[in-house]
Structures are given as C-alpha cells and as structure tokens.
Amino acid sequence: MILIADSGSTKTDWILVASDGTQTELHTDGINPARDARDIIYNVLYHDLLTQIPSDISREELSRSGCQGSEGAVYFYGAGCIEPFSQTVRSVLKDLFPCCKVEVESDLLGAARALCGHEPGIACILGTGSNSCLYDGRDIIMHTPPLGYILGDEGSGSFLGKVLVNGLFKGVLPDELKQAFCNKYDMELPGIIEHVYREPSANRFLASLVPFIVEHRNHPSIHDLLVNAFRQFFVRNVAIYGHKEMPIHCIGGIAYQFADELSEAAASEGMQMGRIMLRPIQSIVQYHLQQ
C-alpha cells in the first residue's frame, strides 16, 4: 500500500494506492510544519485523514502496511517541508504508520517529480507564490531562492496583484482599467493600503486580485503586464541555471491560467515552455509507481 500527499498551507491532496492498484483520492486541511505545531499536524492526520479511509481498508491494516514483509510507503510533499521542519511531519507519520517507509520532501521536489518524472529538467511553481529548480531526474541540484512576495516571487499571483495595483494607482495603466478595478472591488487606495500593510496575509490579498487580470487579459496593457511579469520570472529565477536548451515545465494555477502569456514571455527570452499542469498529485503517483 502506498500513500502519497501533495500539501499546501490550506489543503492537502492525498492518493491511497491499495495493493491491488486501486486508487482512492482523499482531501484534508493543509499542513505546513514551518507554521503548524506537532499536535495540529497529528490532529489533521489522525482525525481528518484516517477517518476518510475506505471502509474495506481498516485503520489497522493501513497502519501496519509494510510489516511482515509486505510493501508500504508514505510519500509526503509539502509547503514548509524543509529541515528541520520536515522532521515534525516525519515523526507523526511514523507514529501513525510505524512499519511504512516514510519520506517527507518539499513541494518543489514534488512538482519536479510530477513535471519531469525520471528525466532531468527545469521545474517551476507559479501559484500564489513562485519557485523553480534544476532537477536531475531524482533530486533538486540547483535552486534559486524565491525570496517571498516582498523581495521576489516574480510571476506569482501575489506579484501580479502587486504590479496591477502599482500600475493602476501610479497611472501606468489606463484610467478605464482603474475605474473598472475600483468598481469591481468597491475599493480605493486607502483600502488597499489597509489590506497590504495592516492586515495579515497580504500575499493572499494581492493574489486575490488576479481574477481582475483574467477578466481584462485581452486588454493590451494587461497583456503587456502579464508578459513582462513572466519575463521577470524567467530572467531572475530560471536563466541562472544556464540551460536554455531545456524546456521549462510549470505547475500551479497561475501557470495553468496564463499558459499563452507564459509561453510568449519564455520565447522572448529565448526559452521554450514544456509541460504545464494545474495539480501534481496524479503525476507524483505515477513517478512512484514507476520506481
């Protein structure tokens, strides 16, 4: 039996692969060990995950998977799963599945394995935040730090929201777009300043403005905004790997939504897009089944 997780800060997608090959998809709250204490992680896994196990698979059967010579493994890929934080998730999983092989890795490695499989490549995440790496077919061998939404995260949802607000209120974008924005969100500059500088989760607020960009993506100014934002992502995060011959594979809602603009930006930098995925979980399962 194999249990595989792709976890973000708000939700976790799980797939349980039974010994007969049957796959069951499960969903729980997000787990981020850089944020969550051990008891919170334990409660999510014990009270949320295990209660969703199909009735024909007992908790005892799942927890003892891997004992007495049978095969059993848990592969957990998640946000915040870097040392030393990943040790917390690993210890909880070992408590719940004592006979299983347990691996806890970053969401970036999960994305790389989903996008590239067992082949070398460049793998990127473009969602609320952004990230990238050079991958050798098993592990990350080079990584550009994204630096978060204040110092980096070029091309991400929060970055797009930031350059949108900047362009609207500095007069770079046309007045009709500013008026449409203020009407849509019933918000002027003081309200935006309040959200960004005085309330928590400013990155999520900025990313929440992306639907306006989607709505107006065919406007020449918004099109240019998108292409320029993605060009910054490639220049500041991907060019350093020095492999322009490699296609660039991307995963995440922003990459999936703006695939055309992303490809245009890549071409303008002499790069080529590869696979673009919305969610990695099914492809991560295939990676491990092919091992």
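**Aromatic rings**

I searched the whole structure and found seven aromatic pairs. For a pair I required rings of Phe, Tyr or Trp (its six-membered ring) with centres within 6.5 Å; planes under 30 degrees apart count as stacked, over 60 as edge-to-face and the rest as tilted. A note on the source: this is a predicted model, where local features need pLDDT of at least 70 and side-chain atom pairs count only at pLDDT 80 or more, while totals for chains, interfaces and linings use all residues. Residues are numbered from 1 along each chain as its sequence is written, and side-chain values use heavy atoms, with hydrogens and water left out.

I looked at Phe-169 and Phe-181: their ring centres are 6.3 Å apart and their planes stand at 85 degrees, so the pair is edge-to-face. Phe-169 belongs to helix α6 (residues 157–169) and Phe-181 to helix α7 (residues 175–185), so this pair ties together parts 12 residues apart in sequence. Helices (H or I, at least four residues) and strands (E, at least two) are DSSP runs, numbered from the N terminus.

Is Phe-181 buried or exposed? Phe-181 is buried, with a relative accessible area of 0%; buried means under 20%, exposed over 50% and partly exposed in between (1.4 Å probe, protein chains only).

Next I took Phe-230 and Phe-258, whose centres are also 6.3 Å apart; their planes make 45 degrees, so I logged the pair as tilted. Phe-230 sits in helix α11 (residues 220–238) and Phe-258 in the loop between α12 (253–257) and α13 (259–268), 28 residues apart. Phe-230 is buried at 0% relative accessibility, and Phe-258 is buried at 0% too.

I also noted one aromatic cluster, formed by Phe-169, Phe-181, Tyr-185 and Phe-212.

**The sheet**

I then traced an open sheet of five strands in the order β8-β7-β6-β9-β10, with mixed pairing. Strands pair if DSSP finds at least two bridges between them. At the edges are β8 (140–143) and β10 (273–277), each with a single partner strand, so one side of each has no neighbour in the sheet.

Which strand pairs with β6 (residues 121–126) in the parallel sense over four bridges? I found β9 (residues 248–251), where His-249 is the bridge partner of Ala-123.

Helix α4 (residues 107–116) packs on the sheet, touching β6, β7 (130–135), β8, β9 and β10; contact means heavy atoms within 4.5 Å.

How values were computed. Axes fitted to C-alpha atoms, helices over the stretch in contact; angles between N-to-C directions.
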